[in-house]
Amino acid sequence: MIQFLKQNPVVLLVLVCTGIFFVNLDAIWVNIMEARNFATAREMLQDDNWLLTTLNGEPRYQKPPLPTWLTAISAALFGLESLTAMRLPAALITLVLILATYSIAIRFTAQRTYAFISSLVLATSFYIIFSGRNGQWDIFTHGFMMLTIYQLYRFFTENTYKYGRALAAAIFFGCSFMSKGPVSLYALLLPFLIAFGWVYKFKKMKTRILPLLLFLVVSFILSAWWHYYTYVFDAETVLAITNKETGNWTSYNVRPFYYYWSFFTQSGIWTIPAFVGLLYPYLKNKVLDKKGYLFTFIWTMTSVILLSIIPEKKSRYLLPVLIPLALNTGFYIMYLFRNFRQMENWKEKLPVYFNFGLIALIGIAFPIGGYIFLKNNLSGGDWFWFITLSLLLVAIAINIVIKLKQKSIKPVFYLTIAFIICITCFGMPLAKQTTVNPEYKAMAGLREWNKTKQLPIYELTFFTPELIWDYKANIPVLHNGEEVVIPNENKFGILVAEHDMELFEKTFNGYRIEKIDKYDMNPQPQGNRQHKSRLWRDFYVITSTTSEASK
């Protein structure tokens with residue numbers, strides 16, 4: 001079996017990705033981005049809104065619908081109540097992303113070991129793990145774009161199947177655009193084309209002009225049709241959303257140009273190797289493939305620079321950078337595999353000992369630190385997961401220390417991969433025990449309460465996606481942007497956020513108001529800085545008085 005896996009690294013890569021991305025998918029809380037996407041997918045199934053997509057019954061055209069379609073299909077097959085089903089498409093496209101990265105790495109280096117370790121670096125990078133285990137749409141657009149890049153690389157370097165490669169690239173490009181618009185075109189494909197042109201050059205382009213035209217035409221049609229459809233059938237809403245989204249690029253989350261200077265930290269456990277791998281003058285004469293190393297270096301840095309030009313910046317926008325960064329880091333890891341035993345300069349060895357020594361220290365310290373942090377929240381089956389994880393992390397950590405002492409970096413690298421797999425397989429079931437709010441009360445409870453009361457339920461001024469998702473149905477908002485529209489019913493329920501109390505009391509002065517409950521979906525208790533006011537509501541039942549009912 002071991003020999004088979006050595007000879008079939010793709011199979012081993014799939015097994016590793018299974019442990020990282022597919023196990024315990026329902027372990028963590030649904031975040032705001034997921035809630036938007038999941039609720040939209042649910043409304044697709046329940047209201048048949050497959051093209052004119054909605055969120056809480058309101059148009060949602062900010063993002064193209066392909067990932068939502070895939071999520072809705074998964075939910076239809078495996079159940080809307082299953083978080084695993086909702087997150088499964090993201091895990092699948094992440095696996096595709098890893099395999100596409102492996103395939104392109106083999107193409108430009110012809111080194112299977114390099115392709116394998118670079119793909120493992122990518123699979124275990126922090127934000128790749130986070131995105132691959134969450135139902136957010138960034139991973140879809142970049143996953144499909146890597147398939148585009150793979151086909152384009154072969155299109156530019158091979159002389160056969162030009163039209164087939166161009167057509168396949170166009171189809172995947174359309175899927176990328178239909179996942180999150182031009183994001184990946186700008187942050188991943190354009191840097192790739194710049195780096196490829198710089199290092200490998202665009203050769204024999206005369207024979208590729210017509211296939212390129214095919215690529216452009218098909219890409220445009222597949223990317224534009226849904227946007228055109230929404231404009232034709234709901235032009236006013238589309239224009240309003242477009243103006244708002246365009247304005248966000250220059251006025252929302254604006255950060256300075258240098259905001260992304262620490263981009264390599266998004267790779268998590270590979271932060272130090274990733275940083276060293278970017279020291280081009282140091283590494284350029286040490287790698288086996290100088291052109292390949294230059295290619296991944298330019299690809300990475302161009303992506304960072306292009307993202308830095310845009311005023312709006314968020315850490316998650318760095319996701320596409322992690323792909324060429326992993327390929328770049330792979331060259332440094334390969335260098336360590338070959339030369340670490342012979343290194344005499346302590347300055348070269350220090351980053352290696354520090355990086356992997358820190359991982360070993362975390363593994364050894366986990367049983368004590370984890371017990372102190374979790375002891376009040378562990379019960380029943382939690383102890384199985386805690387004890388198993390502790391034993392595995394300590395065993396891995398001890399072996400890392402032994403292999404570091406022996407200056408054997410290859411097993412240290414693979415032990416680090418095992419470290420991450422253990423956390424996802426045995427640590428994720430403990431995730432919810434780190435966030436305990438004694439006053440936690442889900443919106444699903446309100447739905448159960450209302451099964452007997454049968455009251456119409458409203459939000460006062462705005463809705464929170466997580467609450468809508470947990471309530472499992474739409475909750476209309478009374479504030480229309482200018483004023484509060486009073487419902488026609490004589491009796492109804494209303495959810496009120498903390499900062500809307502003054503407006504609430506003013507609006508319903510003269511009505512009989514009965515406070516029923518408070519619904520708090522914060523994982524952290526009130527008083528904790530992570531406790532968000534948008535995640536809780538006071539719930540009231542409003543009854544019109546006799547004088548109000550007669551009006």
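Helices and strands here are DSSP runs, numbered from the N terminus. The model shown in these close-ups is a predicted one.

**View 1. Glutamine 454, in the loop between α20 and β3.**
Glutamine 454 isn't a glycine, yet its phi is positive, near 55°. Most residues other than glycine have a negative phi. Is glutamine 454 buried or exposed? With a relative accessible area of 60%, glutamine 454 is exposed, because the cut-off for that is over 50%.

**View 2. Alanine 110, in the loop between α5 and α6.**
Look between α5 (83–109) and α6 (112–123) to find this residue. Alanine 110 is not a glycine either, and has a positive phi of about 60°. Its relative accessibility is 68%, so alanine 110 counts as exposed.

**View 3. Helix α10 packing with helix α15.**
This one pairs α10 (residues 183–199) with α15 (residues 290–309). The axes sit 8 Å apart, at an angle of about 140°, and the two helices are therefore oblique to each other. Their crossing is right-handed.

**View 4. Side by side: the residues where α10 and α15 meet.**
On the α10 side, the residues in contact include Tyr186, Leu190, Phe192, Phe196 and Trp198. Among their counterparts in α15 are Lys291, Phe295, Trp299, Thr302, Ser303 and Leu306. What classes of residue make up this contact? By class, there are 18 nonpolar, two polar and one charged residues.

Conventions:
Residues are numbered from 1 along each chain as its sequence is written. This is a predicted model: local features need pLDDT of at least 70, side-chain atom pairs count only at pLDDT 80 or more; totals for chains, interfaces and linings use all residues. Side-chain values use heavy atoms; hydrogens and water are left out. Axes are lines fitted to C-alpha atoms, for helices over the stretch in contact, and angles run from 0 to 180 degrees between N-to-C directions. Helices (H or I, at least four residues) and strands (E, at least two) are DSSP runs, numbered from the N terminus. Angles under 35 degrees count as roughly parallel, over 145 as roughly antiparallel, 65 to 115 as roughly perpendicular and the rest as oblique. A crossing is left-handed if the near helix is turned anticlockwise from the far one by less than a right angle, and right-handed if clockwise. Contact means heavy atoms within 4.5 Å. Ala, Val, Leu, Ile, Met, Phe, Trp, Tyr, Cys and Pro count as nonpolar, Asp, Glu, Lys and Arg as charged, and the others, Gly among them, as polar. Buried means under 20% relative accessible area, exposed over 50%, partly exposed in between (1.4 Å probe, protein chains only).
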